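Trainee: Please take a close look at one part of this model for me. Pick a strand pairing and follow it into its surroundings.

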Amino acid sequence: MGLFGGNKNAEEQFVGVVGVDIGTSGIKMVELTPEKGRPRLSTYGYSDEKTPSPIAPQYIENPEAAVEVLRSVYKDGRFRATKAVAALPGSEVSHAIITLPVLARLRRI
């Protein structure tokens, strides 16, 4: 079963998922819920506080501040989902694509 498709009983039990973005323009949250097997935007919220960088160092140094902002946005936006997903900007993540040769047969060492 995918995130928003599949079994009807599972869909009835699934409330939704919250997307969280902590970025340069503050903290933003969206809630997606399944409707007819597709994601539907249920609600959204954001903080007006500007953060100095995409990583938001004040939240790293003081996680309680981030928790308070997240709680406030969650409450004001009337979110219901209890599961969340988050993303990191590509510029802040080390990644590489490598090509591996196909081995015709395994060799014992």
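Mentor: Pro 34 has Pro 39 in β3 as its bridge partner. Strands here are DSSP runs of E, at least two residues long, and helices are runs of H or I, at least four residues long, both numbered from the N terminus. This is a predicted model: local features need pLDDT of at least 70, side-chain atom pairs count only at pLDDT 80 or more, and totals for chains, interfaces and linings use all residues. Residues are numbered from 1 along each chain as its sequence is written, and side-chain values use heavy atoms, with hydrogens and water left out.

Strand β2 covers residues 26-35 and runs antiparallel to β3, with eight bridges joining them. Pairing requires at least two bridges found by DSSP. Met 29 faces Gly 45 in β3. Two residues separate the strands of this hairpin, and Lys 36 adopts a positive phi near 55°.

Thr 33 belongs to β2. Thr 33 is buried, at 7% relative accessible area; buried means under 20%, exposed over 50%, partly exposed in between, with a 1.4 Å probe and protein chains only. The Thr 33 side chain makes a polar contact with the Ser 42 side chain at 2.6 Å. Such a contact is a pair of N or O atoms within 3.5 Å; within protein, one must be able to donate a hydrogen and the other to accept it, and residues adjacent in sequence count only if both atoms are side-chain atoms.

Now the whole sheet. It is open, has four strands in the order β3-β2-β1-β4, and its pairing is mixed. β3 (38-46) and β4 (84-86) are at the edges with a single partner strand each, so one side of each has no neighbour in the sheet.
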